[in-house]
Amino acid sequence: MNGRLLVPIFYAVLGYRMPRVASSPNQINLLSLTEDGLASLVKDLNWPAYRSIQILRWLYQRRVRSVDEMTNLSVEDRKRLAARAVIGRPDHCRILRASDGTAKLLVALNDGLTVETVLIPDDERLTLCVSTQVGCTLDCNFCLTGTMGLRRNLKAYEIVEQVLTAQDHLRKDERITNLVFMGMGEPLANVNELSDAVRRLTNKTWGLTWSARRITVSTAGLASRMRDIAPLGVNLAISLNATTEAQRDSLMPGAQRISSLKALLAACRRYPLPPGRRLTFEYVLLAGVNDQENDARRLAQLLRGMTCKVNLIPFNEFQSSPYRRPSDVSVLAFQSIIRRAGIDAFIRKSRGREVLGACGQLGTLPASVAEGALTQIESHC
Ligand code: SAH
């Protein structure tokens, strides 16, 4: 059976296993409301406006799961709110832990689909890799998520839910230090919900009080939408992966149709970088395809003069992919050419490969789990 067929089958198995969130169809999910939406509900209930902030704090800062836990509302008010609304948080999530500490969280959505988010510990950092779509709009052919097609865009609250769920599962001494939108999906193909999610994450009054400097949004290169996220103040990463139009067309056909390499680089040069920040260019290294000395020289040439750094990602292999991971020696050779051209270049460590939690591996379960070796799974909430 070929890989294209296997992916949806594994996915269907996974989707089937995930329980749905229970809520009555007449009740509003408080998490699905924007700040304005909640303000209208509060007004409708004839409550003072400050009650919105109280409720938002319970939702995002205290992460409560029921209206009844909102103890600065009177018992009577809690009853009135509970008659109209629920807190639509999933009551279940599965976790796959790799031996390097990486954990892949499978978060249930209320239509039975599942979204994946990955917690990656590394020295002082604890990074959460967040998804913005189930599947992906694009079809980059070295990426497992890309082979799934797009199931659907995530709503802002489903994006934020990944952070809330991850926080629920941290040890007392742990704190997420960085958020990267590098999970399933193309963030800029879902830019409105992404922006709404980032505003909830960064809101200092009632939100998760994240600093935008610790958040990175990665795009496969939707050049015309890059300026839409500039006002959010987050860091921008661009998955370049190729150094000629033809090479990019063969590796990332969907992205290339939306924006040529030339147009993408022009948009990067125009991007309004805040002082002290730089763009990140990601470059997946595929053995014998885009990892040669000539590729490195062309990459350095394309980026000349830009305020940027390069993250090199040695290809993470998955079944059914024709590509191979380059040797460490050739990865280092590629890096040194970029560095000699005066551009900072780093090699991204591959984390969580055994749970298919590394870059480009989101979208299915490792075969051993799919076949029923459930010992790798913990289930909580
Ligand atoms: N769609 C966005 C967000 C996903 S980020 C984007 O493309 O930027 C995922 C990163 O992992 C991207 O830089 C992508 O190029 C890279 N990637 C995808 N598949 C990979 C694989 N199999 N091995 C290593 N990196 C991969």
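Residues are numbered from 1 along each chain as its sequence is written, and side-chain values use heavy atoms, without hydrogens or water. Because the model is predicted, local features need pLDDT of at least 70 and side-chain atom pairs count only at pLDDT 80 or more, while totals for chains, interfaces and linings use all residues.

**Exercise 1. The ligand shell**

*Step 1.* Look for polar contacts (here, pairs of N or O atoms within 3.5 Å). At Thr-219, a backbone N or O atom sits 3.5 Å from a ligand oxygen.

*Step 2.* Check the cover: on its own the ligand has 540 Å² of accessible area (Shrake-Rupley method, 1.4 Å probe), and the protein covers 95% of that.

**Exercise 2. A salt bridge**

Locate the partners of the salt bridge made by Asp-168.

*Step 1.* Apply the cut-off: a side-chain nitrogen of Lys or Arg within 4 Å of a carboxyl oxygen of Asp or Glu. The whole structure holds 19 salt bridges.

*Step 2.* Asp-168 pairs with Arg-89, at 2.8 Å from N to O. This pair links distant parts of the chain, 79 residues apart: Asp-168 belongs to helix H5 (156–168), and Arg-89 to the loop between strands S2 (85–86) and S3 (93–97). Helices (H or I, at least four residues) and strands (E, at least two) are DSSP runs, numbered from the N terminus.

**Exercise 3. An open pocket**

Describe the second largest pocket.

*Step 1.* On a 1 Å grid over the protein atoms alone, a pocket is an open set of points where a 1.4 Å probe fits, with protein on both sides within 12 Å along at least five of seven lines; lining residues have an atom within 4 Å of a point.

*Step 2.* Its volume, the space filled by probe spheres set on the points, is about 240 Å³. Among its 15 lining residues, Gln-167, Arg-175, Leu-208, Thr-209 and Trp-210 are closest to the centre.

Terms used. A polar contact is a pair of N or O atoms within 3.5 Å; within protein, one must be able to donate a hydrogen and the other to accept it, and residues adjacent in sequence count only if both atoms are side-chain atoms.
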